[in-house]
Amino acid sequence: MTGTAEMSLGATVACMGAAVWLLGERDSTARRARLLLAGGGTAGSGPPLGRRWPAAWLRRARGRLRAEWWAPVAGLVLAVLGSSVLPLVLAAAGVPVLRRARLAGRARRDREVRADAVITLCGALAGEVRAGRQPGEALLRAARDGEGLADARATVLAAARFGGDVPEALATAARQPGAEGLRGLAACWRVAVDQGAGLAAGLDRLAAALRAERDQRSDLRAQLAGARATAVLLAGLPVLGLLIGTTLGADPLHVLLHTPAGLGCLLAGGALEALGVWWVLRIVRGAEEAV
């Protein structure tokens, strides 16, 4: 095994060890917090302050450092190991792509939280109406704890409290991604208030329909999890190949970064891999949006 191979393998092991240590530190911190809140320990039972400040600094850095900024860190490591600035440049170019993926994931989670909050609101409102309360008072009580609809809760509650146009406020709030079910709630409200129909029965049917739609999306997402896992696995195979080549002493980083044939293979392989991952994710996203 050559010196470069030993250095590469050592850097890989060091990175894995650092990741394990950080995860272990996070678990130990969570356990310490649970013990303190449960009364199982005291504030002075932890390690001395001199040994706690590196872990606190790392936790703050982890919280401020977004996921996409780990790409330049990995690119810097590869640039040092391969004696080339190209990995750092490629990693920096990938930051916007990773940031967009992170924001898309957060938007999807927010959309799911709002959808669950709408279902919870419909069920709670139906229960309040059955308890004998008027629709306005029932909405005030049911929407008081709607965490997923915090952005629209103030407008809806103001309309219900001061005699405003509640259906219009609900329709406005339904423009947020994931809160489309509020349009059905607005329709039920108009029918119940204007024509005297049963609001609780309509809310029950609306909640059942929204719940069935959510379950259908969850089942489809579970069925597509295999395709996502396959795409991730195929995307990670080149990294595994580099590790195997380094272990065998072939020095693949030097071939890829310092020879014309290697640079051509690197560019062509990277483009094909990016195209393949994009195509698989496009198929998965299209299947999810079709529901």
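The crossing of helices α5 and α6 is right-handed, a label used when the near helix is turned clockwise from the far one by less than a right angle, with anticlockwise giving left-handed. Helices here are DSSP runs of H or I with at least four residues, strands are E runs of at least two, and both are numbered from the N terminus. This is a predicted model, where local features need pLDDT of at least 70, side-chain atom pairs count only at pLDDT 80 or more, and totals for chains, interfaces and linings use all residues. Residues are numbered from 1 along each chain as its sequence is written, and side-chain values use heavy atoms, leaving out hydrogens and water.

On the α5 side, the contact (heavy atoms within 4.5 Å) is made by Leu121, Ala124, Leu125, Glu128 and Val129, and on the α6 side by Pro135, Ala138, Leu139, Arg141 and Ala142.

Zooming out, the protein chain has 12 helices and 0 strands. Of its 291 residues, 27% are buried, meaning under 20% relative accessible area with a 1.4 Å probe, protein chains only. Among contacts between residues at least 6 apart in sequence, 57% join residues at least 24 apart.

Technical notes
Buried means under 20% relative accessible area, exposed over 50%, partly exposed in between (1.4 Å probe, protein chains only).
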